[in-house]
Amino acid sequence: MPSTLLSVVIPIRNRSGVRLENCLRSLRWQEAIPCDRVEIVLSDFGSAPEHREAVQRAARNYDATVHYTPTSDLWNRSRALNIGIKRANGEYTFCTDADMVFSPNFFKTLMDTQVQVGGHGLLMCQCHDLGEETGERVIDSQELEALKKSATLRPTYGMGGCQCAKTQWFHRIRGFDERYTYWGSEDKDLGRRAEIDGRVIKWITESAYMLHQWHPTAQFDKPWLVKKNRMRFKLTSWIVRKNWFGWGE
């Protein structure tokens, strides 16, 4: 077993400030799994200089590693995740987003569930969406339960924010499909491919939870790209191994 049990991979672009700090803090208040067995990998996909500096400061505060990719290309969450996955050292990789906050038992639940399924799981968790009144403020572990009660549980078709599997499995299928650009469908695509490949799909929502911090969204700014991604999902999600001309580069 590698010394690092779990690698947490977070894709970012111009995501510094309170939300990122809340996320990183929650990754370090986890119970049962020692911090030295968990690495945090921030995959910075083309942030502006002022954000890069702030991300580096946050990384130092929470013992995270930053891998910066200089690019002005359209946001590509799949590629940003894959860059992080290829640099992950853990036996398992947990892919998430910078606007999530996690219950203290989240890592323990992930690892316990993987043990139950013999390490063959693709584990996911539904989001609890926080209201606008919670935006851009510090979140403390003592208020998590109260915030959860006030939040809205997202349906299971919202897979973003939690995908955990063996790191070697991510490598075998060549990561997330990098043809999904801008926003949407890469998570559903990964879930479909995992199911076809014989992974055990498990939702951990009943045992642990994650809170999605409110923020303005740009997901509807380019509706034609969202439609393109949905069409790609319909046509190609049955293909298990993707990115044949390179991934995470």
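User: In this predicted model, is Glu186 buried or exposed, and why does it count that way?

Analyst: The general idea is a cut-off on relative accessible area, with anything under 20% taken as buried. Glu186 has a relative accessibility of 6%, and therefore counts as buried.

User: Which side chain makes a polar contact with the side chain of Glu186, and which residues does Glu186 touch once those up to four places away in sequence are not counted?

Analyst: The side chain of Glu186 makes a polar contact at 2.8 Å with the side chain of Arg77. Leaving out residues up to four places away in sequence, Glu186 touches Arg77, Ser78, Phe176 and Tyr180.

User: In which helix does Glu186 lie, and what covers the buried residues of that helix, α7?

Analyst: Glu186 belongs to helix α7, which spans residues 186-196. The buried residues of α7 are Glu186, Asp187, Asp189, Leu190, Gly191, Arg193 and Ala194, and what covers them includes the helices α3 (77-85), α6 (167-172) and α8 (223-236), together with the strands β6 (121-124), β9 (163-166) and β10 (200-203). Just after α7, Gly198 adopts a positive phi of about 90°.

User: How many aromatic pairs does the structure hold, and how is the pair of Phe170 and Phe176 arranged?

Analyst: In general, a pair of aromatic rings is described by the distance between the centres and the angle between the planes. The structure holds 7 aromatic pairs; one of them, formed by Phe170 and Phe176, is stacked, with 6.2 Å from centre to centre and 20° between the planes. Phe170 counts as buried at 0% relative accessibility, and Phe176 is buried with a relative accessible area of 0%. Elsewhere, ring pairs link Phe94, Phe102, Phe106 and Phe107 into a cluster.

User: Which ring does the charged end of Lys188 sit over, and over the face of which residue does Lys86 lie?

Analyst: The charged end of Lys188 sits over the ring of Phe233, 4.6 Å from its centre, while Lys86 lies over the face of Trp247, at 4.9 Å from the ring centre.

User: What is the strand order in the open sheet of 4 strands, and which strands stand at its edges?

Analyst: Strands of a sheet pair through backbone hydrogen bonds, in either a parallel or an antiparallel sense. Here the order is β5-β11-β7-β8, with mixed pairing. β5 (100-102) and β8 (152-153) stand at the edges with a single partner strand each, so one side of each is left without a neighbour in the sheet. Strand β7 (residues 127-129) pairs with strand β11 (residues 210-212) in the parallel sense over 3 bridges, and the bridge partner of His128 in β11 is Leu211.

Methods:
Residues are numbered from 1 along each chain as its sequence is written. This is a predicted model: local features need pLDDT of at least 70, side-chain atom pairs count only at pLDDT 80 or more; totals for chains, interfaces and linings use all residues. Side-chain values use heavy atoms; hydrogens and water are left out. Two strands pair if DSSP finds at least two bridges between them. Helices (H or I, at least four residues) and strands (E, at least two) are DSSP runs, numbered from the N terminus. Buried means under 20% relative accessible area, exposed over 50%, partly exposed in between (1.4 Å probe, protein chains only). A polar contact is a pair of N or O atoms within 3.5 Å; within protein, one must be able to donate a hydrogen and the other to accept it, and residues adjacent in sequence count only if both atoms are side-chain atoms. Contact means heavy atoms within 4.5 Å. Rings of Phe, Tyr and Trp (its six-membered ring) pair if their centres lie within 6.5 Å; planes under 30 degrees apart count as stacked, over 60 as edge-to-face and the rest as tilted. A charge sits over a ring if NZ of Lys or CZ of Arg is within 6 Å of the ring centre and within 35 degrees of the ring normal.
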